[in-house]
Amino acid sequence: MPILEVRDLKKKFDNTQVLKGISFDLEEGQTISIIGSSGSGKTTLLRCLNFLENADEGTITVRGQKLFDGLSPVTDANELRKMRLHFGLVFQQFNLFPQYTALENVTLAPLLAAETSEKSAIINRGKELLDQMGLADRMGNYPHQLSGGQQQRVAIARALALKPDILCFDEPTSALDPELTGEVLKVIRGLAQKNTTMIIVTHEMAFARDVADIAIFMDNGVILEQGPARDLIDNPKEERTKHFLSSLSK
């Protein structure tokens, strides 16, 4: 059974249909890269999966549990929080709390939900995650004392701290200078090698081809093409996919 099953997901903003029936499966330990032009619905899809937006129709199932059913959407705040714990989302703009250190940013959410007896273990896990991100010497630094790449690595550690079933990235390098992009991609590559289940919206085609198991090309709110990442990116079948990829190489 796939860890994630998405069926016929639809989302409209006012009179604009942004998602027009998205369906795909994600196996545990797999990485899916989602590519496509701006406005194709990639970020909206991630936000619906993370319940930051309510889809209008369709279903989202994680580990056999139907979390969302368009026929009876969840509106209770506590239930929504529980549903969001299945997903960790790393944003484009880091979204760190400026008044907290790197370690505090990573441990804040799990500490708020923890019993007193668990707090020491949570802090130790936060330290381990920052060490894993190559930030063992930056745990006491505030966001303004960190480079963009370091801030994004703190954001990745923060997402991992809640032990999500699926880790999602929304253009994780788009806000970074080119020289800082490599350090973040290296961390994500390492997570893929450890079989972390991930969905990555990215414009880094070489990275998507080499790291992802499956690639999805979205266009105008639909999945136009999907398949093994190397096959889709090196030898796309759809003309629209070919045009998109060729435009990136110009």
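## The four-stranded sheet

Four strands form an open sheet in the order β2-β1-β4-β5, with antiparallel pairing. Its edge strands, each pairing on one side only, are β2 (16-26) and β5 (65-69). On average, neighbouring strands of this sheet are turned by 20° against each other, direction ignored. Strands pair here if DSSP finds at least two bridges between them. Strands (E, at least two residues) and helices (H or I, at least four) are DSSP runs, numbered from the N terminus.

This is a predicted model: local features need pLDDT of at least 70, side-chain atom pairs count only at pLDDT 80 or more, and totals for chains, interfaces and linings use all residues. Residues are numbered from 1 along each chain as its sequence is written, and side-chain values use heavy atoms, with hydrogens and water left out.

Four bridges join β4 and β5 in the antiparallel sense. Thr-59 has Asp-69 in β5 as its bridge partner. Helix α1 lies across β1 (4-13), β2 and β4, and runs at about 65° to β2. Axes are lines fitted to C-alpha atoms, for helices over the stretch in contact; angles run from 0 to 180 degrees between N-to-C directions.

## The six-stranded sheet

A sheet of six strands is also open, with mixed pairing and the order β6-β7-β8-β3-β9-β10. Strands β6 (87-90) and β10 (222-228) are its edges, each pairing on one side only. From one strand to the next, the twist averages 20°. Strand β9 (residues 214-219) runs antiparallel to β10, and six bridges join them. Phe-217 stands opposite Glu-225 in β10.

Helix α6 (residues 178-193) packs on the sheet and touches β3 (31-35), β7 (166-170) and β8 (198-201). Its direction makes about 150° with that of β8. Helix α9 (residues 239-248) lies across β3, β9 and β10, at about 95° to β9. Contact means heavy atoms within 4.5 Å.

## Aromatic pairs

The whole structure holds three aromatic pairs. Rings of Phe, Tyr and Trp (its six-membered ring) pair if their centres lie within 6.5 Å; planes under 30 degrees apart count as stacked, over 60 as edge-to-face and the rest as tilted. Phe-51 and Phe-87 have ring centres 6.4 Å apart and planes at 70°, so this pair is edge-to-face. Phe-51 sits in the loop between α1 (42-49) and β4 (57-62), while Phe-87 is in strand β6, 36 residues apart. Phe-51 is buried at 3% relative accessible area, and Phe-87 is buried at 6%. Buried means under 20% relative accessible area, exposed over 50%, and partly exposed in between (1.4 Å probe, protein chains only).

Phe-217 and Phe-244 form a tilted pair, 5.3 Å centre to centre with 40° between the planes. Phe-217 lies in strand β9 and Phe-244 in helix α9, so the pair ties together parts 27 residues apart in sequence. Both Phe-217 and Phe-244 are buried.

## Nonpolar cores

The largest nonpolar core has 33 residues, of which Leu-130, Ile-156 and Phe-169 touch the most other members. At least two residues each come from α3 (102-112), α4 (119-132), α5 (148-161), β7, α6, β8 and α7 (205-211). Such a core is a set of buried Ala, Val, Leu, Ile, Met, Phe, Trp, Tyr and Cys residues joined through side-chain atoms within 4.5 Å. Beyond its neighbours within four places in sequence, Leu-130 contacts residues including Leu-103, Val-106, Met-139 and Val-154. Another core, of 31 residues, lies apart and includes Leu-19, Leu-67, Leu-89 and Ile-166.

In α3, the buried residues include Ala-102, Asn-105 and Pro-110. Helices α4 and α5 are among what covers the buried residues of α3.
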